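Here is a briefing on one protein model. Please keep the sequence and the structure in view while reading.

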Amino acid sequence: QVQLVESGGGLVQAGGSLRLSCAASGIILTINDMGWHRQAPGKQRELVAGFTSGGSTKYADSVKGRFTISRDNAKTTMYLQMNNLKPEDTAVYYCNLVGYSPRGPFASWGQGTQVTVSS
């Protein structure tokens, strides 16, 4: 079973920065999709940033130029560097990993980490 553990959320003033981390544990054979999502109160969960199956990156229009997704070479840890944060970035952030383990296909989510941006 693949589990994800997130860290790095917190309270920051507008214009500040935070770095989120997501560490995966368990045996992963292949990765089909990995990325960061967020959910603000009263809103649907949305994709913030992710990697395509070809390894390129994709971003929501609202965070382009401010957020950067990265991962280590083993692809077991994923990061989200968030710069020039805005109050509208306030949400619970979740990492997501989809792929195959020895037990078959999986889709795992982290526990979520709160990001609060004050104006």
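Glu46 is partly exposed, at 34% relative accessibility. Buried means under 20% relative accessible area, exposed means over 50%, and partly exposed lies in between (1.4 Å probe, protein chains only). This is a predicted model: local features need pLDDT of at least 70, side-chain atom pairs count only at pLDDT 80 or more, and totals for chains, interfaces and linings use all residues. Residues are numbered from 1 along each chain as its sequence is written, and side-chain values use heavy atoms, with hydrogens and water left out.

**Glu46 and its surroundings**

- Glu46 sits in strand β5. Strands (E, at least two residues) and helices (H or I, at least four) are DSSP runs, numbered from the N terminus.
- Beyond neighbours within four places in sequence, Glu46 contacts Trp36, His37 and Arg38. Contact means heavy atoms within 4.5 Å.
- Glu46 and Tyr93 are 47 residues apart in sequence, and their C-alpha atoms are 9.6 Å apart in space.

**The four-stranded sheet**

- An open sheet of 4 strands runs in the order β1-β3-β8-β7, with antiparallel pairing. Two strands pair if DSSP finds at least two bridges between them.
- β1 (3–7) and β7 (67–71) are the edge strands, each pairing on one side only.
- From one strand to the next, the twist averages 15°. Axes are lines fitted to C-alpha atoms, for helices over the stretch in contact, and angles run from 0 to 180 degrees between N-to-C directions.
- β7 pairs with β8 (residues 77–82) in the antiparallel sense, over 5 bridges.
- Across from Arg71 stands Met78 in β8.
- Thr77 belongs to strand β8. Thr77 is buried, with a relative accessible area of 16%.
- Not counting residues up to four places away in sequence, Thr77 touches Cys22, Ala23, Ser70, Arg71 and Asp72.

**The disulfide**

- The count is 1 disulfide, a disulfide being a pair of cysteine sulfur atoms within 2.5 Å.
- Cys22 and Cys95 form this bond, with an S to S distance of 2.1 Å.
- The torsion about their S-S bond is about 70°, so the disulfide of Cys22 and Cys95 is right-handed.
- Cys22 lies in β3 (residues 18–25) and Cys95 in β9 (residues 91–101), so the pair ties together parts 73 residues apart in sequence.
- Which accessibility class does Cys95 fall into? Cys95 counts as buried, at 0% relative accessibility. Cys22 is buried too, with a relative accessible area of 3%.

**The nonpolar core**

- The largest nonpolar core has 28 residues. Such a core is a set of buried Ala, Val, Leu, Ile, Met, Phe, Trp, Tyr and Cys residues joined through side-chain atoms within 4.5 Å.
- Trp36, Phe67, Met78, Leu80, Met82 and Tyr93 touch the most other members.
- Elements giving two or more residues to this core are β3, β4 (30–39), β5 (46–51), β7, β8, β9 and β11 (113–118).
- Leaving aside neighbours within four places in sequence, Met82 contacts residues including Leu18, Leu20, Phe67, Tyr93 and Val115.
- In soluble globular proteins, nonpolar side chains tend to be buried together.

- A hairpin joins β9 to β10 through 2 residues. The two strands pair in the antiparallel sense over 6 bridges.
- Val98 stands opposite Ala107 in β10.
- The count is 1 aromatic pair. Rings of Phe, Tyr and Trp (its six-membered ring) pair if their centres lie within 6.5 Å; planes under 30 degrees apart count as stacked, over 60 as edge-to-face and the rest as tilted.
- The ring centres of Tyr94 and Trp109 are 6.5 Å apart and their planes are at 85°, so the pair is edge-to-face.
- Tyr94 is in β9 and Trp109 in β10 (residues 104–109), so the pair ties together parts 15 residues apart in sequence.
- Tyr94 is buried at 16% relative accessibility, whereas Trp109 is partly exposed, with a relative accessible area of 38%.

**Loop residues**

- Gly54 is in the loop between β5 and β6 (57–59). Gly54 is exposed, with a relative accessible area of 73%.
- Asn84 is in the loop between β8 and β9. Asn84 is partly exposed, with a relative accessible area of 42%.
- Phi of Asn84 is near 50°, a positive value in a residue other than glycine.
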